[in-house]
Amino acid sequence: DVSRVAPTDAAVLIEGESGTGKEVIARALHERSHRRHGPLISENCAACPGSLLESEFFGVERGAYTGASVSRPGIFERARNGTLVLDEIGEMDLVLQAKILRVLQEREVRRVGGSDLVPVDFRLIASTNRNLKHAVQARRFRLDLLYRLEVVNITVPPLRERKEDIPHLARHFLALHTRRVDRPIPKILPDAI
């Protein structure tokens, strides 16, 4: 799926449990796309408080609120000509979902406290560990936004369902950590695997 969809600008929704490698897939999509020379901007929708998400996404004009002493672009602008990854998008509240849907439809943003519309051009990749179809049924996620996000859907199975990857991952992490401490890479015995 990655090699077929990477060269396109299609929005991609990556689903899978925490720790399955969704971020690795998003990075591979970016690095194999025509946008690879542009920025790869990632925002964890679950880690940022709702009150800060709007200014983080849309940017802020100087004087928009107390403490906004300088204008700054949001992630939509910073992702220009690159890729924007919205991690754990299932955690986003409905109000912000509606605003993001508008950006995806219009391809322009208005900074908080601003009046000018700023055109944006990015490829969107979203990831979640939740079942968004169930969230739609429970009225916690917008169906129209889900349609925009899952032009292409990639489901990453958990490692327990792809045990053939364990030797490759073990060698990768062993090499990574031995390089950090400037040690030779030891062999992994078959019994250890």
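Colleague: Which side chain meets that of Arg111 in a salt bridge, and what is the N to O distance?

Modeller: The general idea is that side chains of opposite charge can pair when their charged atoms come close. The term salt bridge is used for a side-chain nitrogen of Lys or Arg within 4 Å of a carboxyl oxygen of Asp or Glu. Here the partner of Arg111 is Glu61, and the N to O distance is 3.4 Å. Arg111 sits in the loop between β4 (108–110) and β5, while Glu61 sits in the loop between α3 and α4 (75–78), so this pair ties together parts of the chain that are 50 residues apart in sequence. Before we go on, note that this is a predicted model, in which local features need pLDDT of at least 70 and side-chain atom pairs count only at pLDDT 80 or more, whereas totals for chains, interfaces and linings use all residues. Residues are numbered from 1 along each chain as its sequence is written, and side-chain values use heavy atoms, with hydrogens and water left out.

Colleague: Are Arg111 and Glu61 buried or partly exposed?

Modeller: Buried means under 20% relative accessible area, exposed means over 50%, and partly exposed lies in between (1.4 Å probe, protein chains only). Arg111 counts as buried because its relative accessibility is 16%, whereas Glu61, at 25%, is partly exposed. For the protein chain of 193 residues, 39% count as buried.

Colleague: How many salt bridges does the structure hold, and which residues are joined into one network by shared partners?

Modeller: The structure holds eleven salt bridges. One of them joins Asp121 and Arg35, with 2.8 Å from N to O. This pair links distant parts of the chain, 86 residues apart, with Asp121 in the loop between β5 (117–119) and β6 (122–128) and Arg35 in the loop between α2 (22–31) and β2 (40–44). Arg35 is buried, at 6% relative accessibility, but Asp121 is partly exposed, at 34%. Another salt bridge is formed by Lys99 and Glu54, whose closest N and O atoms are 2.8 Å apart. Lys99 belongs to helix α5 (residues 94–106) and Glu54 to helix α3 (residues 50–58), so parts that are 45 residues apart in sequence are tied together. Lys99 is partly exposed, with 31% relative accessible area, and Glu54 is partly exposed too, with 32%. As for the network, Asp9, Arg35 and Asp121 are joined by salt bridges that share partners.

Colleague: How should I read a charged residue without a salt bridge, and which side chain of opposite charge is nearest to Glu15?

Modeller: When charges are assigned, Lys and Arg count as positive and Asp and Glu as negative, while His and the chain ends are not counted. Glu15 is buried yet has no salt bridge, and the nearest side chain of opposite charge is Lys133, 5.4 Å away. A polar contact of 2.9 Å does join the side chains of Glu15 and Asn153; such a contact is a pair of N or O atoms within 3.5 Å, where within protein one must be able to donate a hydrogen and the other to accept it, and residues adjacent in sequence count only if both atoms are side-chain atoms. Glu15 lies in strand β1 (residues 12–15); helices (H or I, at least four residues) and strands (E, at least two) are DSSP runs, numbered from the N terminus.

Colleague: Which strand holds Thr128, and which residues does Thr128 touch?

Modeller: Touching, or contact, means heavy atoms within 4.5 Å. Thr128 lies in strand β6 and is buried, at 1% relative accessibility. Leaving out residues up to four places away in sequence, Thr128 touches several residues, among them Leu13, Glu15 and Glu88. A polar atom of the Thr128 side chain also lies 2.9 Å from the backbone nitrogen of Arg130.

Colleague: Where is there a nonpolar patch, and which residues form it?

Modeller: A patch is made of residues with over 30% relative accessible area and no salt bridge, where like charges are joined within 9 Å and nonpolar side chains (Val, Leu, Ile, Met, Phe, Trp, Tyr) within 5 Å. On the surface of this model, Leu159, Ile166, Leu169 and Phe173 form such a nonpolar patch, with about 300 Å² of accessible area together. Accessible areas come from the Shrake-Rupley method with a 1.4 Å probe, and for residues only the protein chains shown count as cover. Leu169 is placed in helix α8 (residues 166–180) and is partly exposed, at 31% relative accessibility.
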